[in-house]
Amino acid sequence: MSDTTEDQGRAGDGTRAVRAGLPEPVKHEPTLPGPVFAAHFHLPGEVTGPYAYGRDDNPTWTLLERAVGELEAPGRDDVETLVFASGMAAISSVLFSQLRAGDAVVLPSDGYQVLPLVRAQLEAYGIEVRTAPTGGDAQLEVLDGARLLWIESPSNPGLDVCDIRRLVEAAHAQGTLVAVDNTLATPLGQRPLELGADFSVASGTKQLTGHGDVLLGYVAGRDAEAMAAVRRWRKIVGAISGPMEAWLAHRSIATLQLRVDRQNATARAVAEALRQRPEVADLRYPGLPDDPSHKIASQQMRRYGCVVSFTLPTRARAERFLEALRLVEDATSFGGVRSTAERRRRWGGDAVPEGFIRMSVGAEDPEDLIADVLRALDESAE
């Protein structure tokens, strides 16, 4: 293990985020080199060296992949990270590179709303798809003989949490691979590879980059053979990040710890305020001591995320609430520095009530944000 790797293992989250993936300093060179825009590279003679063609690799990706790897698995040099054009490109790369016709895969029934489309495609390829909810470790009940277990914890949008260690142990005991969608937690909230997972997968579009201006995904994995298959899938499909997006993502990671700590603390405060309102039902935030997921979340998470979910009595009430908000944008996605909220049922893919709200807490002053939310609740009651 190199001194640099050891230092990354010992550093705090803020230090690690600020310095993650930076190249060795060279006099008169920038500390973070600009994006490399290149479809091809000089390549005389035999094909050797890291860069040959723009679909295979890029120096800007390399630095970002190194940075993400240092966050997902600090102090380890046996983890490979690959970046993709989007979170769904990263998810697809694991599923379709690891599964074959006749295999079985276990997906969460309460996960990201695009997963039903993924299920249909997997089944079209002759792959058996089993589903179970995240809460209560219910996926264990349908795990027998599966090739791959896909975990989403906390789940999106319901914010249920499962015992990742327990599921990993059961899966590995029968030779099942485990992938964890770490989008909502971020590597500063939990590290699935340290919990035993084979893959940590995430959409970098969300809190990792945090400004709502980059589409990105990544896969981090411990097994060289499995990651070689993921890399091959990326090459075949061409689901690659643009160099500008990769550079923006790397730049944004420097403020990750600052953003995450601010947003997590404010999310807790917003949840506490919502808990006092009689019209708010089914309030979920894993950081609340009385949340159904808090006990297991506190055992495997270091931060609880920036998303709060709750239900208002009717669709009309929820829509009036969203319209009355002034500091919170009615928009999809989550994790950005500007707070957003939406009525998730409008997409049709989530099994949630008509009045279900997913709110992503940004970096606004907590007092201002809470005042806006409470005022919008008051106004929407009319």
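Predicted model: local features only at pLDDT ≥ 70, side-chain atom pairs only at ≥ 80, totals over all residues.
**Helix packing, a ring cluster and a buried strand residue**

Good morning. Helix α8 itself covers residues 243–253, and its buried residues are P243, A246, L248, A249, H250, S252 and I253.

Let me turn to a second packing arrangement. Two packed helices are described by the angle between their axes and the distance between the axes. For helix α11 (residues 315–324) and helix α12 (residues 366–380), the axes come within 8 Å and cross at roughly 135°. An angle of 65 to 115 degrees would count as roughly perpendicular and one over 145 as roughly antiparallel; α11 and α12 are therefore oblique to each other. The crossing in which α11 passes α12 is right-handed. On the α11 side, the contact is made by R317, R320, F321 and A324, and on the α12 side by V373, R375, A376, L377, E379 and S380. By class, the residues of this contact comprise five nonpolar, one polar and four charged.

F321 also leads us to strand β12. One of the residues that I357 touches is F321, and I357 lies in β12, which spans residues 356–360. Is I357 buried or exposed? Its relative accessible area is 0%, so I357 is buried. Leaving aside residues up to four places away in sequence, I357 touches V308, S309, F310, L312, A318, F321, L322, A341, E342 and R343. The C-alpha atoms of I357 and P157 are separated by 8.9 Å, although these two residues are 200 residues apart along the chain.

Finally, the aromatic residues. How many aromatic pairs does a search of the whole structure find? The search finds four. In one of them, F96 and Y125, the ring centres are 5.8 Å apart and the planes stand at 80°, so this pair is edge-to-face. As for accessibility, F96 counts as buried because its relative value is 15%, whereas Y125, at 47%, counts as partly exposed. Ring pairs also bring in W233, so that F96, Y125 and W233 are linked into a cluster.

Thank you for your attention.

Conventions
Residues numbered from 1 in each chain as written. Heavy atoms only, no water. Axes fitted to C-alpha atoms, helices over the stretch in contact; angles between N-to-C directions. Helix = DSSP H or I, 4+ residues; strand = E, 2+ residues; numbered from the N terminus. Parallel < 35°, antiparallel > 145°, perpendicular 65-115°, else oblique. Left-handed = near helix turned anticlockwise from the far one by under 90°. Contact = heavy atoms within 4.5 Å. Nonpolar A, V, L, I, M, F, W, Y, C, P; charged D, E, K, R; others polar. Phe/Tyr/Trp six-rings, centres within 6.5 Å; stacked < 30°, edge-to-face > 60°. Buried < 20%, exposed > 50% of the residue type's maximum accessible area, 1.4 Å probe, protein only.
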